[in-house]
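Please keep the sequence and the three-dimensional view at hand while reading.

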Amino acid sequence: MFMKTWICPSLLGTDEKNTLPWVEKLDGKVDAFHVDVMDNQFVPNYTLDRFAPPFISQLRTVSEKHVHLMTEIPSKYYNAYFEAGATLLVFHHEAVKNPIIEINAVHNFGLKAGVALKPKTPTDVLEDYIHNVDCVLVMTVEPGFGGQAFMPDMLDKIRELREKHASLDIMVDGGINLETGKTCLEAGANMLVAGNGIFNSKNVMHTVEQFNALKE
Ligand code: DX5
Ligand code: ZN
């Protein structure tokens with residue numbers, strides 16, 4: 001089955017003053033911009049100012065805009081990020097009581113809904129609702145910060161999901177560079193999120209070209 005491969009730079013990996021110039025430069029050359037929204041409760045980091053909905057609104061891009069909600073009550077933000085033009089909203093399984101209610105709420109806005117799993121959360125938890133979700137985000141580091149090392153143990157999780165779900169969009173996030181990204185694609189992931197792996201590389205434009213070349 002042909003699955004589209006997605007390259008999704010994580011804007012958390014940019015210096016704040018360079019975020020918008022990078023978006024302008026990369027627009028159309030990447031599949032989506034990944035934006036991490038953190039409330040300092042679900043994770044010990046805060047980006048609700050930096051990546052507030054008005055920030056998303058000002059990104060008038062052809063590349064999609066994906067919002068990864070690392071917040072305690074994700075549903076608080078669906079409406080605002082919908083209005084800001086997000087195309088995919090990802091909530092954390094661990095943050096919610098009833099994932100099906102969350103998925104329906106996101107779908108009611110006409111948006112794609114994704115669910116993220118922290119490294120210690122097994123894939124079994126998805127059983128009841130995986131067929132309703134548009135994408136599963138496998139965290140390959142503990143959520144909260146960029147620049148952490150990829151956790152190779154997560155490859156089994158990716159394989160498990162791919163074996164059971166041939167056409168599921170599987171996103172990986174955390175410690176992804178050209179090397180770990182390639183390994184994840186081989187394990188069955190098809191959406192790569194990369195912060196430092198792109199923006200901390202010597203030549204960002206060239207790195208993006210190399211990421212895009214992994215699609216071939
Ligand atoms: C981490 C965030 C990531 C982060 C990844 O909790 O969800 O999106 O930006 O950063 P890198 O790619 O540097 O690990
Ligand atoms: Zn993220």
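## Basis of the report

Where is the place of V133? V133 lies in the loop between strand 5 and strand 6 (135-139); helices (H or I, at least four residues) and strands (E, at least two) are DSSP runs, numbered from the N terminus.

The model is predicted: local features need pLDDT of at least 70, side-chain atom pairs count only at pLDDT 80 or more, and totals for chains, interfaces and linings use all residues. Residues are numbered from 1 along each chain as its sequence is written, chains are lettered from A and ligands numbered from 1 in the order in which they are written, and side-chain values use heavy atoms, with hydrogens and water left out.

V133 is buried, with a relative accessible area of 8%; buried means under 20% relative accessible area, exposed over 50%, and partly exposed in between (1.4 Å probe, protein chains only). Leaving aside neighbours within four places in sequence, V133 is in contact (heavy atoms within 4.5 Å) with I103, A113, G114, V115 and L168. V133 and N104 are 29 residues apart in sequence, and their C-alpha atoms are 9.3 Å apart in space.

T121 is also placed in the loop between strand 5 and strand 6. This residue is buried, at a relative accessible area of 12%. The side chain of T121 makes a polar contact with the side chain of E94, at 2.6 Å. A polar contact is a pair of N or O atoms within 3.5 Å; within protein, one must be able to donate a hydrogen and the other to accept it, and residues adjacent in sequence count only if both atoms are side-chain atoms. Neighbours within four places in sequence aside, T121 is in contact with H93, E94 and K157.

## Helix 4

Helix 4 spans residues 99-108, and its buried residues are P99, E102, I103 and V106. They lie on the same side of helix 4, because they cover an arc of only 100° around the axis; the arc is that of the directions from the helix axis to the C-beta atoms. These buried residues pack against helix 3 (78-83), strand 4 (88-92) and strand 5 (112-117). The face turned away from the buried side of helix 4 carries the exposed residues I101 and N108.

The N-terminal end of helix 4 is capped by N98, a side-chain oxygen of which lies 3.0 Å from the backbone nitrogen of I100. Helix 4 is followed by G110, whose phi is positive, near 80°.

In helix 5 (residues 154-164), the buried residues are M154, L155, K157, I158, L161 and R162. Their arc of only 160° around the axis puts them on the same side of helix 5, whereas E163 and K164 are exposed on the other side. The buried residues of helix 5 pack against strand 5, strand 6, strand 7 (169-173) and helix 6 (178-187).

K182 is found in helix 6 and counts as partly exposed, at 44% relative accessibility. Not counting residues up to four places away in sequence, K182 touches N177 and L214. The C-alpha atoms of K182 and R162 are separated by 15 Å, with the two residues 20 apart along the chain.

H34 is buried, with a relative accessible area of 1%, and D36 is buried at 4%.

## Surroundings of ligand 1

Ligand 1 is surrounded by 19 residues (one of their heavy atoms within 4 Å), the closest being S10, D36, G144, D173 and G195. An N or O atom in the side chain of H34 is 3.3 Å from an oxygen atom of ligand 1. Backbone N or O atoms also approach oxygen atoms of ligand 1: one of G144 lies at 2.7 Å, and one of G147 lies at 2.8 Å.
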